[in-house]
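Here is my note on the model. Please read it with the structure open.

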Amino acid sequence: MSFIIRGRVWKYGDNINTDIISPGQYMSLPVEKQAVHAMEAIDPSFSEKVQPGDILVAGNNFGSGSSRETAQMVLKYHQIGAIVANSFARIFYRNSINVGLPVVEMADTSVITEGDEVEINLLEGKIINHTKGTEHKGTKLPEHLIEMVKLGGLEPYLAKKLGIS
Amino acid sequence: MGMTMSEKILAKASGQANVKAGDIVWVKVDIAMMHDLLGPWLVDGGFRRLGGKLFDKEKVVVVSDHCTPPATVQQADILKFTRDWSRNQELPYYYEFEGPCHQVIVEHGHVRPGRLILGTDSHTCMAGGLGAFATGIGSTEMIGVLLTGETWLKVPETIKVVWDGQLPHGVYAKDIVLKTIKDIGHAGATYQTIEFSGSAISDLSMDERLVLSNMAVEAGAKTGLIEPDQKVVDYLRSKGVTEEIDMISSDEDAIYSRVLYYNASELEPQVACPHEVDNVHAVSSVEGKAVDQVYLGSCTNGRISDLRIAAQILKGKKISKNIRCLVVPASQHVWMQANKEGILDILTEAGCIVNMPSCGACGGFTSGVIGAGEVVMSSSNRNFRGRMGSPKGEVYLGSPAAVAATAIEGKITDPRKYLPKEVMVNVIHH
């Protein structure tokens, strides 16, 4: 996983929960079929319009609810570059790091508009808005997770730890 | 400096004398729990790539509950995969068709005070009702736990929620937890433990305590804890647990991030309205809202005491012709007990349909999902948009009593209207 991510913004509000990202009724389907329904409860055209590298920017409590990693699976299927939110639900934040989906907290995401081109530096906790020419502070990646993120997530990290190539 | 229950359990699990909120610790897991939908079929690839050897099969529990009974071929395939995987791994503890995992692991004695339990489901925190530190993790994280028996955790701060006094007639644990979530907010306890205490909490039965811990995650909490007492010991003994019980408690001088005080005697029946669990109002303010379906069950509120209350309300009555009422006992054990007590007869004679114990329609998986424009009154734990089926449906959450009263009228109803006098006396003098 790269520490610098640049992409176009899709903007959402508060409490984008995992039932919205990955509705329960489709969870037993293969990921490519689940992904069609990602976010459809609040944004029916999401899976058609989103492009690889796009960045989701949202308000408070992104990813609340279930521990389902199908939420990360469908967002990764759509090749979402990163998620920036005022705050994340705990399990979602942890799962994202474990599977190598970049997540950054930022005090006030309302200064970012849909369609903006933003660049995120995970190590420095910096968010540059190229469209508006502004720079914002985000949270830095916790130190004990830097190596895991550098390696691409928990599985490669465990492989190294367990001495499996 | 004193320690909270969370700090004590995580100190023990990390082999240290003292830890404090904010510390990052590597912990040894006592129970790793997976269910069918977020379990073996998702972890198997990574697990095998990394050697495929379980750290300790005695500490791994698998419960098939989300795809039971399978409604689609895909669910049947997941169920088969889960069953075959558990057999191939020679797991001593694999359960299926018994009910939601959180209830099943409690009934089989896997949940004990002081244990560290990680499960691939956000409501794993229910085990905190017996004094275990239990929380949900993702499937990838579970791969690491299965291989090494360890993971890292940040020691959480604790919000102490004190409920003193006696609950009034017609008011239950569900109302306590809904009111608490309303005040803390759906993200207000993120990264923290909620510890429930006070005389109203001690007075609650085991069944009811589990409602509180089950729903702690609806305030964003990592877990919901209740100090174990003699009721917990008696419960575990009745389940055949003979080993010494760790009567863990928070120290008097433990540090809390926040303490909330409530007088239980002032509480009224509560309802969580669409589409967030903290959108809570007194039942009086939503009374009369017409519903299409009533759902009495789930790991939150499908235990025997819940079904008894519903039966008291529905005995000799008929549910509204405009609705269907689905009853989903929290486990096969609960089903059998309800059958023995004649409760299933009372409920079916009233017009309810009794489904098999499973996660069912609570998460929109099987048996009773709703269509566009439909409204449900449910005793379960989550009312997110699309949670029980169509994203154009609406889910209201309330106590089993409120759910049963709603079934009679076909619209959201204050349960106190239908509680017989003798129940009132029982509640007051219990």
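Where in chain A is confidence lowest, and where is it highest?

1. **Confidence.** This is a predicted model, in which local features need pLDDT of at least 70, side-chain atom pairs count only at pLDDT 80 or more, and totals for chains, interfaces and linings use all residues; side-chain values use heavy atoms, with hydrogens and water left out. Residues are numbered from 1 along each chain as its sequence is written, while chains are lettered from A and ligands numbered from 1 in the order in which they are written. The pLDDT is the predictor's confidence in each residue, from 0 to 100. In chain A it is lowest in helix α6 (residues 146-151), at a mean of 85, and highest in strand β2 (residues 55-58), at 98. Chain A averages 93, and 99% of its residues score at least 70. Helices (H or I, at least four residues) and strands (E, at least two) are DSSP runs, numbered from the N terminus.

2. **The annotated domain in chain A.** UniProt, in an unreviewed entry, places "domain: Aconitase A/isopropylmalate dehydratase small subunit swivel" at residues 34-104 of chain A. Such annotations may be inferred rather than shown by experiment. Over residues 34-104 of chain A, 34% is helix and 14% is strand. The end C-alpha atoms are 25 Å apart.

3. **Strand β3 of chain A.** Strands pair if DSSP finds at least two bridges between them. Four bridges join β2(A) to β3(A), and the two run parallel. Three bridges join β3(A) to β4(A), also parallel. Ala85(A) stands opposite Ala58(A) and opposite Glu105(A) in β4(A). Both faces of β3(A) are covered: Ala82(A) and Val84(A) on one side, Ile83(A) and Ala85(A) on the other, are all buried. Buried means under 20% relative accessible area, exposed over 50%, and partly exposed in between (1.4 Å probe, protein chains only).

4. **Crossovers in chain A.** β2(A), helix α4 (residues 70-77) and β3(A) make a right-handed β-α-β unit. β3(A), helix α5 (residues 90-99) and β4(A) make a right-handed unit too. Right-handed means that, with the strands pointing away from the viewer, the path from the first strand over the helix to the second runs clockwise.

5. **A four-strand sheet in chain B.** This open sheet has the order β10-β9-β8-β11, with parallel pairing. β10 (223-226) and β11 (258-263) of chain B each have a single partner strand, so one side of each is left without a neighbour in the sheet. Five bridges join β8(B) to β9(B). Thr158(B) has Thr193(B) as its bridge partner in β9(B).

6. **Helix α1 of chain B.** Seven of the nine residues of α1(B) are buried, so the helix is largely enclosed by the rest of the structure. Among them are Met5(B), Ile9(B) and Leu10(B). Gly15(B) follows α1(B), with a positive phi near 70°.

7. **Salt bridges.** Lys80(B) and Asp84(B) meet at 2.7 Å, N to O. Both lie in helix α3 of chain B, four residues apart, about one turn of the helix. Arg416(B) pairs with Glu268(B) at 3.5 Å. Each lies in a loop, so the pair ties together parts that are 148 residues apart in sequence. Arg416(B) is partly exposed, at 29% relative accessibility.

Note on methods:
A salt bridge is a side-chain nitrogen of Lys or Arg within 4 Å of a carboxyl oxygen of Asp or Glu.
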